[in-house]
Amino acid sequence: MNLTDPSLLRSRCYVHGHWISADSGAFVPVINPATGEEIARVPALGAIETRRAIDAAAGAFAAWRQRTARERAGFLKRWHRLILDNQEDLARVLTLENGKPLTEARGEVEYGAEFIEWFAEEAVRAYGETIPSPWSDRRIVTIKQPVGVCAAITPWNFPLAMVTRKCAAALAAGCTVIVKPALETPLTALALAELADRAGIPPGVLNIVTGPAEDIGREFTAHPKIGKLSFTGSTEVGRQLMAHAASTLKRVALELGGNAPFIVFADADPEEAVSGAISAKFRNGGQSCVAANRFLVEEGIHLTFMQRLAERIAALHVGPGWEEGVSVGPLIHSRAVEKIEVLIAEAVAKGAEIIIGGKRHVLGGNFFEPTLITGVRPTMRLFNEEIFGPVAAVTMFRDEAEAIALANATDYGLAAYFYTQDLKRAWRMAEALECGMVGINVGRVSTTVAPFGGLKHSGFGREGSHYGLEEYLEVKYLCFGV
Ligand code: ADP
């Protein structure tokens with residue numbers, strides 16, 4: 001793999017400052033999605049080891065919360081610095097297990113590290129308030145306190161940033177954490193733990209466990225010492241976890257699937273709209289919950305938009321992430337490829353038309369051709385399901401009312417994008433779209449400083465921004481008799 005620092009490649013779990021294996025010695029292989037080859041093996045921890053990790057985090061909580069916010073920020077800043085110092089190595093590990101182009105992986109390391117810096121800075125601003133009292137002999141104050149031991153379950157599509165977005169906020173707030181990264185991409189998370197260790201973050205404050213998701217997830221939701229569960233992943237698993245967490249009344253934050261509309265009005269700047277479309281659709285090969293899933297294009301610009309988008313898609317270079325000039329890597333696994341094939345076949349059978357691509361790439365394996373498909377209708381699965389791949393599905397509309405109706409005709413509500421030069425329409429649209437994030441004349445909205453999250457079946461809770469810190473804090477009201 002050619003790492004400058006090979007010791008970043010850890011294949012054991014990080015619990016209470018130690019690198020541990022499963023009691024049974026069992027492991028799970030980590031597969032390179034570009035080649036199908038095994039990269040490493042990580043422990044298959046079960047319920048017992050997970051409980052130990054929870055105990056470690058619970059044991060570390062009292063001392064961690066007692067530290068001043070400034071002290072916690074100091075640890076986080078050291079961690080942040082070490083991540084940036086090791087950016088290239090981390091990017092390589094990330095590309096190897098996730099498949100994304102190395103340039104995107106480098107970008108993710110930077111973006112992911114930013115959450116740590118941001119929350120280090122926010123840690124010292126977890127203000128309470130004083131409230132004017134209705135009683136002359138009493139004073140009212142609120143203070144903020146950490147919610148306790150937190151569990152985090154993260155997905156494979158952003159193996160670094162999804163870990164830091166949760167952990168940095170939790171640690172800044174004074175919580176301790178146990179993270180279960182996706183089985184597809186545990187190595188990036190373990191490398192982060194190695195750097196956290198070097199940053200001097202005390203044992204038990206951050207723990208990483210790998211293994212069968214259901215066993216670990218069950219322990220996270222059932223264990224009385226866990227105060228909060230933060231999950232990013234599919235709506236189906238999110239629903240299950242929420243149901244299980246109900247038994248112990250845990251706080252839950254769910255960042256689930258999306259079905260983002262990308263709306264192009266006839267008055268849009270076509271060049272800008274096409275550039276935004278490429279970014280919103282093909283970053284990470286379309287494997288992002290905020291990826292544009294449905295292109296809704298007004299009649300008057302449909303032809304121009306399709307022609308230019310087709311040219312840009314044809315120019316995308318597919319290949320292994322580590323090769324120079326690659327813009328679209330492999331999909332994560334063969335199931336993802338099969339799902340896309342099924343969605344496309346169903347749409348074509350119902351009358352949609354493939355303009356470009358539409359099939360497996362000649363490279364074979366998990367590579368799929370960047371695809372443009374038009375004539376997509378609300379009756380098709382392609383319109384209703386999260387595609388999670390390099391397939392741009394286009395539906396034509398006639399007016400603003402139809403655009404809004406189509407955009408909102410989904411159970412999901414994470415991100416939406418639209419392009420228009422009409423200011424009044426921009427406000428109307430922004431207010432009418434049922435989602436947590438709106439890109440207006442931009443194809444990318446994610447940033448550390450803004451609240452990321454959704455509504456409807458895309459879940460609830462916000463990550464990043466000052467709202468992200470609040471998620472890990474309880475408000476306590478103090479009433480003083482004077
Ligand atoms: P995807 O389909 O994108 O892989 P998942 O929701 O299956 O999305 O996975 C997201 C995260 O949830 C991963 O870390 C995965 O291991 C974990 N996960 C999957 N199934 C369960 C489960 N039943 N309980 C807890 N975690 C789960």
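Accessible areas were computed by the Shrake-Rupley method with a 1.4 Å probe, and for residues only the protein chains shown count as cover. On this basis the protein chain exposes about 19000 Å², of which carbon and sulfur atoms supply 54%. The structure is a predicted model, in which local features need pLDDT of at least 70 and side-chain atom pairs count only at pLDDT 80 or more, while totals for chains, interfaces and linings use all residues. Residues are numbered from 1 along each chain as its sequence is written, and side-chain values use heavy atoms, with hydrogens and water left out.

The protein chain contains 15 helices and 20 strands; these are DSSP runs numbered from the N terminus, helices being H or I of at least four residues and strands E of at least two. The C-alpha trace spans about 70 × 60 × 40 Å along its principal axes. The radius of gyration, taken over C-alpha atoms, is 23 Å, which agrees with the value near 23 Å for a compact globule of 482 residues. The globule rule applied is 2.2 Å times the number of residues to the power 0.38.

Of the 482 residues, 56% are buried, where buried means under 20% relative accessible area, exposed over 50% and partly exposed in between (1.4 Å probe, protein chains only). Contact is defined as heavy atoms within 4.5 Å. Among contacts between residues at least 6 apart in sequence, 73% join residues at least 24 apart.

Charged side chains number 49 positive and 55 negative, and the centres of the two sets lie 6 Å apart. Lys and Arg count as positive and Asp and Glu as negative, without His and the chain ends; each charge is placed at NZ of Lys, CZ of Arg, CG of Asp or CD of Glu.

A search of the whole structure finds 0 disulfides, a disulfide being a pair of cysteine sulfur atoms within 2.5 Å. Cysteine 167 is in no disulfide, and the nearest cysteine sulfur, in cysteine 150, is 9.2 Å away. The sulfur of cysteine 175 has its closest cysteine sulfur, also in cysteine 150, at 3.8 Å, which is too far for a bond. Cysteine 167 is buried, at 0% relative accessible area, and cysteine 175 is likewise buried at 0%.

Alanine 152 lies in strand β7, residues 149-153, and is buried at 3% relative accessibility. Its C-alpha atom is separated by 7.9 Å from that of cysteine 167, 15 residues apart along the chain. Leaving aside neighbours within four places in sequence, alanine 152 is in contact with Lys166, Val177, Ile178, Val179, Lys180, Phe220 and Ser230.
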